Amino acid sequence: MAVADRVLSPRQAAPYRTDSVSSFVRHFARDPNSVLERQLCMASTYLLSQLLFLIPGVSAIYLMPVLAAGGLMGAATVGAYFLRAPAVPHRVAMLIPLIDIVAVGLLRAGTGGVGSIFTFMLVLPVISLGVEPGRLPMLIGGPVTVAALLLPVAFDSTQLGDGQWSRIIFGPLILGLTCLSVNELARRLRSRVRVVQRLRREQERLLEEARDNAAASAATSALLRESTNELVSVIDAVTEQAIVGTDRNGRVDVFNTGAQKMLGIAAHDAIGRSIARFDGFDELTPSLQMFLTEVRSGAPQVRDWTYTNRNGTELSIKVAVTGRRDAAGDVDGFLFVGTDVTADREQARMKDQFVNLISHELRTPLSSILGYLELLEDDEETPLTAEQAQYVGTIERNANRLLRLVSDLLFTAQVESGRFQVQEQLVELHSVVAASIDSARPVAAARGVTLRMAACEEPVFVSGDPMRLAQAVDNLVSNAVKFTPSGGRVAVTLGTDGTDGTDGTDGARALISISDTGVGIPADEVDRLFSRFFRASTASANAIPGVGLGLSITRAIAVAHRGQIRVASTVGAGTTFTLDLPQVRVPRAGGSAGVPAGLPAALSATAHAG
Amino acid sequence: MTEAPVVVIADDDADIRHLVGVAVHRAGATVGASVADGAAAWQAILDIGPDLAILDVAMPSMTGLQVCRSVRSDPCIASTRVLLLSAAVQPVAIEAGLAAGADLYCHKPFSPRSLATQIKDLLAAKVAG
């Protein structure tokens with residue numbers, strides 16, 4: 001905008017004047033070689049020269065030539081007025097000085113011939129001819145001047161006496177040289193004027209160009225300002241997230257309203273300062289360089305950061321850092337977006353505390369219930385009657401169920417808060433699967449469900465937590481039994497995916513499949529099956545007890561062991577769950593790898609319920 | 001015949017204290033003191049110098065872990081066996097218990113039958129050691 005102002009100002013500073021005097025001056029100024037102008041000079045000189053007649057001794061010897069001279073001078077002046085237009089060709093315009101020369105010749109003839117005092121007046125028209133461009137005016141002017149100089153002789157031949165010849169010869173010579181010099185000077189002047197005019201046109205063109213550019217740049221900068229304003233207003237409208245932008249050296253150049261509110265730092269205190277120098281950024285600073293190196297390599301970073309504000313309040317802020325890229329795509333700065341998660345963290349902590357407290361408080365009475373039930377059962381002095389033993393067994397079974405529920409809730413809370421970590425050790429799966437079948441056998445027997453195990457002969461090893469793996473298999477087996485009506489079958493198979501490890505070890509998978517002939521799961525519910533507290537419609541419809549935590553826990557365990565769980569089901573026909581875990585190869589004493597290939601070879605255990 | 005080993009029991013729940021007492025008797029030991037908080041447990045251990053202390057972890061005034069650390073840092077009673085009995089079953093809780101110097105970490109709920117066996121084993125190990 002400032003550029004445009006500067007360009008426009010000269011035009012405004014030179015307004016056109018319309019008064020007549022300046023118009024007249026400008027008229028002549030436009031063409032310094034104006035014929036009329038020169039003729040006016042000549043006419044003035046002529047008129048002034050007439051004053052010479054007042055000098056004693058100067059008088060008109062012949063009246064006729066003097067009068068003719070005056071007439072010619074007047075005619076030349078009138079002619080010059082009509083020929084003043086710049087468009088009139090030089091060849092026509094040069095007639096005027098030629099007439100002047102003839103007039104001066106006549107004046108000399110009438111006032112004393114060769115020695116006339118009026119001879120000097122030839123200088124002006126000769127110069128006037130010389131000023132005309134080209135040599136032609138001079139070539140014509142030369143003979144005319146000589147003729148004019150000789151004119152007095154035509155009136156009085158006696159004038160051609162001694163010494164007069166030299167005047168007749170040197171006069172035109174001097175005038176010719178003067179004319180030639182003036183012509184040359186005028187030529188040079190004209191060429192300079194042309195150069196100056198060309199430069200002026202060039203200057204005007206450039207000025208015009210600059211004006212156009214300035215206008216275009218003003219339009220562009222207005223657009224840019226508009227979009228910048230829009231961006232700033234959007235960024236500043238974000239009040240719940242802190243947005244801090246820095247250059248590549250960490251110098252702050254964006255500090256939005258959210259950042260001012262969250263961090264308690266005013267924008268004018270922040271802008272221009274290095275982000276590493278902020279109070280309360282100490283925790284962020286040591287790792288900042290490492291952190292930013294990661295961002296520079298293209299990976300956005302998210303981390304939690306504890307910030308103590310000026311009131312001494314500790315805030316948990318989740319900071320996401322991304323690179324700001326320039327036009328070439330290189331990281332030119334950084335953008336920090338901070339979200340205050342203090343309340344979320346506090347809530348999560350309280351929830352955690354609550355779950356732990358509940359879990360502890362529920363376990364304590366359950367400990368008493370289960371402990372004293374055992375004392376009852378173990379009392380050798382007064383053994384229980386069969387009926388009493390049955391009642392005690394029922395209480396014990398339900399107390400254990402309650403205990404499992406408490407454990408599941410606690411475990412779910414752990415998974416949710418990300419605190420569940422697998423304590424890895426080498427686990428052989430035959431024993432895990434067999435233990436699960438053993439513990440499910442009484443329930444299966446009671447329900448009239450056939451429970452079979454089919455396992456490969458070779459041991460199958462995985463790396464993991466034996467308790468948690470047992471819990472996962474227990475959940476799947478007890479589910480299968482629970483969802484299979486009387487007379488149905490549950491088959492548990494243990495094997496591997498057949499990768500023998502010769503083409504690399506990563507592919508070897510341990511597979512535990514649990515198939516039942518139960519009620520099945522509708523296809524549209526399979527996806528939600530592993531969500532917490534979700535229960536299949538077939539479960540509710542068949543009044544099968546449960547809260548919907550088992551499968552979510554089982555999947556959490558599978559995932560924590562770098563495994564997965566798959567399900568295939570047909571309503572009314574049955575369901576197969578497959579627990580798929582990465583297998584670990586354990587060299588046997590014989591030296592070859594202990595990875596069994598193929599599917600289960602033999603039924604190693606069967607259990608029939610009556 | 002040597003005297004029966006002495007055990008100090010600390011738990012803020014009276015029913016659990018009694019249940020643990022039954023297990024102690026079944027293990028052939030006698031209950032030297034049965035208290036409801038950590039500070040009382042520490043005092044009882046100092047007064048009695050028991051062979052074994054069975055401590056709950058979450059107790060008022062002093063936690064079982066604090067009592068356990070105090071026992072381990074006192075050379076006069078450092079040979080006392082410590083069994084922690086807790087409702088916290090997370091691996092971190094078990095690690096913290098063993099790091100505090102406990103000889104054994106048992107979960108609640110517990111079977112009095114197997115607790116009696118564990119007490120017997122711990123006391124036998126003490127005699128052997």
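**Entry 1: order of elements in chain B**

I read chain B along its sequence and recorded the pattern β-α-β-α-β-α-β-α-β-α. The count for chain B is five helices and five strands, where helices (H or I, at least four residues) and strands (E, at least two) are DSSP runs numbered from the N terminus. I note that this is a predicted model, in which local features need pLDDT of at least 70, side-chain atom pairs count only at pLDDT 80 or more, and totals for chains, interfaces and linings use all residues. Residues are numbered from 1 along each chain as its sequence is written, and chains are lettered from A and ligands numbered from 1 in the order in which they are written.

**Entry 2: the sheet of chain B**

I looked up the strand order of the open sheet and found E2-E1-E3-E4-E5 (chain B), with parallel pairing; two strands pair if DSSP finds at least two bridges between them. Strand E2 (30-35) and strand E5 (104-107) of chain B are the edge strands, each pairing on one side only. From one strand to the next, the twist averages 20°.

I then examined strand E4 (residues 81-86) of chain B, which four bridges join to E5(B). Within this region, Leu84(B) stands opposite Tyr105(B).

Which strands does helix H3 (residues 64-73) of chain B touch? Helix H3 packs on the sheet against strand E3 (52-56) and E4 of chain B, and its direction makes about 155° with that of E3(B). Such axes are lines fitted to C-alpha atoms, for helices over the stretch in contact, and angles run from 0 to 180 degrees between N-to-C directions.

**Entry 3: burial in chain B**

I recorded that 45% of the 129 residues of chain B count as buried. A residue is buried if 20 or more other C-beta atoms, placed from the backbone, lie within 10 Å of its own.

**Entry 4: where chain B meets chain A**

I found that the contact takes 16 residues from chain B and 15 residues from chain A; two residues are in contact if their C-beta atoms, placed from the backbone, lie within 7 Å. On the side of chain B that touches chain A, helix H1 (14-26) and helix H5 (112-128) of chain B each give two or more residues. H1(B) provides the largest share of that side, four residues. By type, the residues on this side of chain B are ten nonpolar, two polar and four charged. Here Ala, Val, Leu, Ile, Met, Phe, Trp, Tyr, Cys and Pro count as nonpolar, Asp, Glu, Lys and Arg as charged, and the others, Gly among them, as polar.

Methods: Buried ≥ 20, exposed ≤ 12 C-beta atoms within 10 Å, placed from the backbone.
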